[in-house]
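Biologist: I have a structure to look at with you. Can you walk me through it?

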Amino acid sequence: MDETSNDDIYAYALSKTLTKVSSPATVGLYSSCQNRLSMILGQMAVYMKQEALKIEQKYKGRYKPRSVTPSFCGFLALIGRMLFYRPIWTEENQQHHNIRFIDVHFSAWHFAGSDLLWAGLAIRLFQAMQMNFGKLQIVLFRVAQHDEEEEVKKKRVEDSPNHWRSKKVCCCPLWFLCLSILMVPPIILVLLLTFSLPKPEMKPGVAVNGTTTQVALFEGLVIAALGVPAASALRFVFSMGKNLIFSQDLNIKRGMDNERISIQLGFMNEVRKEMWFLSQFIQFMEVFERRRIRVLLKITNLDRCSPKKIVAVLDAINILLSDEESPYISILAVNPDVLVQKVNFADGCFSKEDRAYAMLNRIVTLAFTVPPLCDDSKRNLFDSLTSNKRRTGSLKETCSLVEIVFDTKESCQLIDRNPAALDVNEEEVEKLVMSILTSNKRNLNKYMLEDAMSMRREINSIRLTVIIMKALKKDLPRSDYIAAWVALANQWPCRLSWIIQCVEDAQQRAVIDRNNEANTADSKTLWEVFSESRAELYVMSAQIEDLLEQDGDPEMFERFLKMDFRFTVKDLKAFEEATVNLDRSIRKELAQLRGTYRLKDCSWMRNLAPLPITTIINMDKEDVCKELERMKFPSKYIDIVRSKDLNGTALVFCEADDLKSILDMTLGEWATFRLHFLGLPSHLRPQYKNMPPSPSHSQNQVSGFRLHVPHQ
């Protein structure tokens with residue numbers, strides 16, 4: 001058995017969480033590495049099948065679920081239920097304990113050539129349903145059970161011990177009527193053969209053939225008994241044949257090819273109706289199989305498509321799969337950095353609600369950002385890529401359980417192992433989750449948003465965090481701290497990402513400088529970390545406007561970390577591997593702005609390279625004087641700095657024109673001073689890549705970030 005990797009744990013935790021998530025739901029599975037996404041999706045298929053089997057084995061209910069692959073008798077039972085019965089929606093069959101997952105893989109890249117990418121999504125669902133349930137069963141349900149008028153009717157849940165109600169014709173059960181029609185002719189025939197009919201009156205001179213008269217009378221009775229049912233049966237057979245030949249996926253393809261039809265609004269409505277039909281069919285099969293059925297729609301390679309088509313698919317997820325009783329769980333496996341950039345530059349992106357983060361927040365009910373690989377995982381991956389050994393046994397076993405298209409050989413090497421044995425006590429997890437959700441309600445309620453989507457995200461993320469920490473065998477913090485940490489990542493993702501980046505930079509700097517203060521810094525609160533660096537965040541706020549727009553009220557953020565939940569750096573390290581509801585691309589952008597664009601302190605560039613903003617802000621006037629002296633500026637400028645008390649904060653937040661007039665430098669001296677202390681002019685600074693081009697901002701202009709004074 002291979003050693004359990006973190007990605008195995010993430011796949012296991014996500015699989016276990018999805019058994020509890022109510023549908024419809026959309027999971028945002030984010031990672032910049034397509035290979036890791038493919039591996040996690042593959043491992044998820046294995047773990048979800050194991051989890052569903054484990055749930056059924058532990059089930060002690062009255063009715064056992066039917067087999068997924070029914071026998072001939074089961075097939076006949078299904079045909080009988082479809083022809084002669086209708087399901088009764090009860091509390092019991094609406095909340096089945098057992099569950100079955102159906103994997104549907106949709107590679108958006110395969111349909112990228114079509115202008116109607118969302119219609120390809122519907123076609124893929126139809127094909128998957130036909131493969132899993134059979135084309136005949138779906139067609140029979142459409143003919144015998146489907147009623148379009150049911151869509152506008154409210155679903156009524158009854159309190160009944162029965163799960164099926166017989167169809168009736170004139171108050172007579174349909175099955176009894178059909179049985180009677182089949183039994184009446186043989187009974188009449190037996191009576192005719194057993195008892196002779198009375199002979200008709202004979203007219204003089206006319207010969208009567210008794211046998212012919214009896215046959216004619218029998219034919220009349222048979223035609224009278226079977227005429228109307230035979231016509232109904234012929235109509236039923238004709239409808240079945242028509243739907244078998246002209247399937248709905250074929251009709252959608254024809255609509256996509258016909259430009260006159262595809263541009264009409266009615267085409268999308270027809271596709272939506274077909275999606276509702278599939279939902280009704282699955283609900284029927286749930287009652288028949290006595291288990292919940294969830295369709296996992298795994299959407300991959302969407303970030304490879306054009307911005308217009310990406311927005312169309314996101315709208316399809318939001319509209320076509322938005323039915324409250326829909327059994328679909330969409331898994332959006334993408335690179336969030338690429339997706340955000342393309343959506344923000346798509347046509348029609350005018351308001352904040354049209355931007356990528358706002359659109360994803362409206363759709364995604366569970367965000368899962370795959371954490372970076374640890375050092376051991378990187379080494380194992382490197383060894384697997386450099387090794388010439390090909391282990392195909394476990395790969396075939398794993399890939400046979402899930403329909404996934406791997407783009408590269410590296411993906412196969414990542415998934416080339418049996419799933420590790422992971423088992424977390426479900427009852428213990430449920431008790432812990434309930435205690436977390438009910439503890440310290442009063443404090444947490446103040447920080448929750450008003451929309452139900454955000455609440456669902458936090459509830460699902462809490463369960464996911466607990467499972468990951470249990471699987472990682474970590475000591476769980478206080479229950480209210482777990483919920484608070486999830487809320488912190490959900491409500492203030494940009495500010496939390498900034499704090500994490502500052503802590504990481506400080507630790508790396510301590511290692512480089514061989515400073516032991518990193519160990520003592522674990523007791524520092526996150527609010528202290530933020531307070532020390534928020535001036536730096538304030539300076540770059542114009543470049544990260546789109547990121548700061550995701551954060552909530554800054555005063556509530558201060559109260560959260562300063563009063564109600566005093567998280568420390570030690571707490572941050574404890575939650576680090578389990579923080580999967582925080583978009584890592586935000587931290588990547590902040591890291592690039594904070595460190596990647598800094599020029600190295602090379603000896604030949606030392607006098608020209610801009611100083612890091614962190615260094616400048618923390619400089620007092622003497623530090624500024626020493627730097628000017630090192631750069632061999634005239635002493636008169638050093639005297640001006642001392643007399644005017646120009647420390648680092650003054651240099652950063654002072655208007656450049658005012659500073660220039662105070663120092664009264666020559667043009668060449670001012671250019672060198674400005675480049676070194678103030679950085680590049682605003683018109684030469686790189687625009688934030690996730691924002692559309694906008695007019696240049698002045699150095700001290702702020703957008704979406706308030707440098708408020710801490711409350712005493």
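Biologist: Which residues are buried in α3?

Modeller: In α3, Gly-74, Leu-78, Ile-79, Gly-80 and Met-82 are buried. Buried means under 20% relative accessible area, exposed means over 50%, and partly exposed is in between, with a 1.4 Å probe and protein chains only. Helices (H or I, at least four residues) and strands (E, at least two) are DSSP runs, numbered from the N terminus.

Biologist: What sort of model is this?

Modeller: This is a predicted model: local features need pLDDT of at least 70, side-chain atom pairs count only at pLDDT 80 or more, and totals for chains, interfaces and linings use all residues. Residues are numbered from 1 along each chain as its sequence is written, and side-chain values use heavy atoms, with hydrogens and water left out.

Biologist: Back to α3. How far apart are its end C-alpha atoms?

Modeller: They are 18 Å apart, which agrees with the 18 Å that the 13 residues of helix α3 (residues 72-84) should span at 1.5 Å a residue. The expected span is 1.5 Å times one less than the number of residues.

Biologist: Salt bridges next. How many are there in the whole structure?

Modeller: A search finds 19 salt bridges. A salt bridge is a side-chain nitrogen of Lys or Arg within 4 Å of a carboxyl oxygen of Asp or Glu. Side chains of opposite charge can pair when their charged atoms come close.

Biologist: What does Asp-7 pair with?

Modeller: Asp-7 meets Arg-36 in a salt bridge, 2.5 Å from N to O. The pair links distant parts of the chain, with Asp-7 in helix α1 and Arg-36 in helix α2 (residues 34-58), 29 residues apart.

Biologist: Are those two buried or exposed?

Modeller: Asp-7 is buried, and Arg-36 is buried too.

Biologist: And what is the partner of Arg-100?

Modeller: Arg-100 forms a salt bridge with Glu-289, and the closest N and O atoms are 2.8 Å apart. Arg-100 lies in strand β3 (residues 99-107) and Glu-289 in helix α11 (residues 265-289), so the pair ties together parts that are 189 residues apart in sequence. Arg-100 is buried at a relative accessible area of 9%, and Glu-289 is buried at 4%.

Biologist: One more. Where does Arg-495 come in?

Modeller: Arg-495 forms a salt bridge with Asp-551, the closest N and O atoms being 2.9 Å apart. Arg-495 is in helix α22 (residues 493-512) and Asp-551 in the loop between α25 (545-548) and α26 (554-564), 56 residues apart. Both Arg-495 and Asp-551 are buried.

Biologist: Now the rings. How many aromatic pairs are there?

Modeller: The structure holds 24 aromatic pairs. Rings of Phe, Tyr and Trp (its six-membered ring) pair if their centres lie within 6.5 Å; planes under 30 degrees apart count as stacked, over 60 as edge-to-face and the rest as tilted. One of the pairs is Tyr-10 and Phe-368, which is edge-to-face, at 6.0 Å centre to centre and 70° between the planes.

Biologist: Where do Tyr-10 and Phe-368 lie?

Modeller: Tyr-10 is in helix α1 (residues 6-18) and Phe-368 in strand β9 (residues 366-369), so the pair ties together parts that are 358 residues apart in sequence. Tyr-10 counts as buried at 1% relative accessibility, and Phe-368 counts as buried at 0%.

Biologist: Is the pair of Phe-565 and Phe-567 stacked or edge-to-face?

Modeller: Phe-565 and Phe-567 are stacked, 6.4 Å centre to centre with 20° between the planes. Ring pairs link both into a cluster whose members include Trp-485, Trp-527 and Phe-575.

Biologist: Which phi does Arg-290 have?

Modeller: Arg-290 has a positive phi of about 65°, although it is not a glycine. Arg-290 lies in the loop between α11 and β7 (292-300), and is partly exposed, with a relative accessible area of 26%.
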